[in-house]
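Let's look at this model together and check each label against its definition.

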Amino acid sequence: YVRLAGIIGNVSFKDKRLTRDEFIRKKKSGEFNFSQVPVFLTDGKMIAQSTAILRFVGKRGGLYPKNRVEAAEVDGFLDLIEEAWSCLDNTKYPTRFGFPDWDSKTRLGFRKNINDVIIPRKMAYLEAALKESKAPYLTGRISVADIKLWCFVKMVSGAAPLYTAIDGIDTSVIRSNFPRVQMLVDTIDALPEVRKYYGKD
């Protein structure tokens, strides 16, 4: 979602993608301040953590409010989306979060609860916010929260070529039950800069 924020916000950046071998070598050498990617290099500083980078790029691209109350509202949406995202990450990379490497049956059991309870609960909050905003976006105009939500929906939906379907997650769970959330995704899909970036025009 950082790249997408840069594209929509017209923030120029150099997109450097690493092979697995390059990443392992750089990680072992201590090149990354938190031993992970993504990182964003600017003014001689390395910024880590994807949502921190998203906020930084959003501020530069007019996708993060200057008003403190409005910014806090966007932060709230970012955190809500991250809660749902982290649940899935826990099942993908359990040892990273201090859990054992679950067997397939245990992993799918957790994902059933995420699919049936967690995702619908979080999306219901966002659906209500979109109804209140009376706009395609969560706070009336596009922000980094909408962009992160777009990416979450794409991930859950297994939307190619960015993502593949996640075992145990119904790819239609959002599209079939949360029309306003899906409309937000479709609206961002239709933006000319997004269509151009993903080669649809």
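Q: What does "contact" mean here, and which elements do the buried residues of α7 pack against?
A: Contact means heavy atoms within 4.5 Å. The buried residues of α7 pack against α1, α5, α6 and α8 (192–197). Helices (H or I, at least four residues) and strands (E, at least two) are DSSP runs, numbered from the N terminus. A quick word on the ground rules: this is a predicted model, where local features need pLDDT of at least 70 and side-chain atom pairs count only at pLDDT 80 or more, while totals for chains, interfaces and linings use all residues. Residues are numbered from 1 along each chain as its sequence is written, and side-chain values use heavy atoms, with hydrogens and water left out.

Q: Which residues of α7 are buried, and how do you know that they line one face of the helix?
A: The buried ones are V181, Q182, L184, V185, I188 and D189. Look down the axis of α7 and these residues fall within an arc of 150°, so they line one face of the helix. The arc is taken over the directions from the helix axis to the C-beta atoms.

Q: What makes F23 and F32 an aromatic pair, and of which kind?
A: Rings of Phe, Tyr and Trp (its six-membered ring) pair if their centres lie within 6.5 Å; planes under 30 degrees apart count as stacked, over 60 as edge-to-face and the rest as tilted. The centres of F23 and F32 are 5.8 Å apart with 20° between the planes, so this pair is stacked. A search of the whole structure turns up seven aromatic pairs. Elsewhere, ring pairs tie F99, W102 and F110 into a cluster.

Q: How do you know where the charged end of R96 sits?
A: A charge sits over a ring if NZ of Lys or CZ of Arg is within 6 Å of the ring centre and within 35 degrees of the ring normal. The charged end of R96 is 4.2 Å from the centre of the Y93 ring, and it sits over that ring.

Q: What makes a set of residues a nonpolar core, and which members of the largest one touch the most others?
A: The set must be buried Ala, Val, Leu, Ile, Met, Phe, Trp, Tyr and Cys residues joined through side-chain atoms within 4.5 Å. The largest one here has 52 residues, and F152, I174 and I188 touch the most other members. Elements giving two or more residues to this core are α1 (2–8), α3 (50–60), α4 (68–92), α5 (104–133), α6 (144–157) and α7 (179–189). The largest share, 10 residues, comes from α6. As for I174, leaving out residues up to four places away in sequence, it touches I119, M123, F152, V153, V156 and V181.

Q: Why do we say that β1 and β2 pair?
A: Two strands pair if DSSP finds at least two bridges between them. Strand β1 (residues 39–42) and strand β2 (residues 45–48) have four bridges, so they pair, in the antiparallel sense. T42 stands opposite K45, and V39 has A48 as its bridge partner.

Note on methods
Buried < 20%, exposed > 50% of the residue type's maximum accessible area, 1.4 Å probe, protein only.
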